[in-house]
Amino acid sequence: MISFSVLALTFGVIFLSELPDKTALTGLVLGTRYRASYVFAGVAAAFLVHVVLAVAAGSVLTLLPQRIVHALTGVLFLAGAVMLLLHKGDGEEEVRRPEDQSFLKVAGTGFTLILVAEFGDLTQIMTANLAARYDDPLSVGLGAVLGLWAVAGLGIVGGKALMRRVPLGLITKIAALLMLALGVWSLWEAVAG
């Protein structure tokens, strides 16, 4: 059974956390050079792998006593908020152009770039954290995948237009405040529970 509130919360946290990250830029660069559907297929597959790994790791944490899980997730959310607030943009990244425009080459390039660049990334850690916090791997996994795919799609199709309208600093601050609130709430439950 899917919890739409957990799905929506996960989507929001992951979407806002990933917007200021390199995914939108990578998708934008690849999307301007190659067929968007090919790029999205590779990027989407890489994010699916990341979310499955993160949800599995978070599900293992649910085997711990609930107070420890709440304390651990609270600390991780607070660390995520600090990381977002201290993060400086990486600037433009060099993306190698495949020799041809075939589906396998373009999707493979997108898959490889995202798989390597995002491994152990803040959103992967936050997904594991949410899976541990809510003990609802399906809702968390679906929300995280949809959030990551939405950012990738925005980056591929219209990243430049979005970033002209919404300041990246504002997006980062909203995501950090949301993680800060989740961190404080988790720590309060650890102490009160």
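Student: Which residues of α3 are buried?
Tutor: The model is a predicted one. A residue counts as buried when its relative accessible area is under 20%. In α3 this gives Tyr38, Val39, Gly42, Val43, Ala44, Ala46, Phe47, His50, Val51, Ala54, Val55 and Gly58.

Student: How far apart are the end C-alpha atoms of helix α3?
Tutor: Helix α3 covers residues 36-61, which is 26 residues. At 1.5 Å a residue it should span 38 Å, and the separation in the model agrees with this. The end C-alpha atoms are 37 Å apart.

Student: Which residues line the largest cavity?
Tutor: This cavity has a volume of about 40 Å³. Helices α3 and α6 each supply at least two residues of its lining. By class, the lining has 3 nonpolar, 4 polar and 2 charged residues. The lining residues are Phe47, His50, Val51, Glu118, Asp121, Thr123, Gln124, Thr127 and Leu148.

Student: With which residue does Arg133 form a salt bridge?
Tutor: The structure holds 1 salt bridge. Its closest N and O atoms are 2.7 Å apart, and the pair links distant parts of the chain, 56 residues apart. Arg133 lies in helix α6 (residues 122-134) and its partner in helix α8 (residues 168-192). That partner is Glu189.

Student: Is Arg133 buried or exposed?
Tutor: The cut-off for a buried residue is under 20% relative accessible area. Arg133 has 7% relative accessibility, so it counts as buried.

Note on methods: Residues numbered from 1 in each chain as written. Predicted model: local features only at pLDDT ≥ 70, side-chain atom pairs only at ≥ 80, totals over all residues. Heavy atoms only, no water. Helix = DSSP H or I, 4+ residues; strand = E, 2+ residues; numbered from the N terminus. Expected span 1.5 Å × (residues − 1). Buried < 20%, exposed > 50% of the residue type's maximum accessible area, 1.4 Å probe, protein only. Salt bridge = Lys/Arg side-chain N within 4 Å of Asp/Glu carboxyl O. 1 Å grid on protein atoms, 1.4 Å probe; cavity = no way out; pocket = protein on both sides within 12 Å on 5 of 7 lines; lining within 4 Å. Points joined across faces, edges and corners; volume = space filled by probe spheres on them. Nonpolar A, V, L, I, M, F, W, Y, C, P; charged D, E, K, R; others polar.
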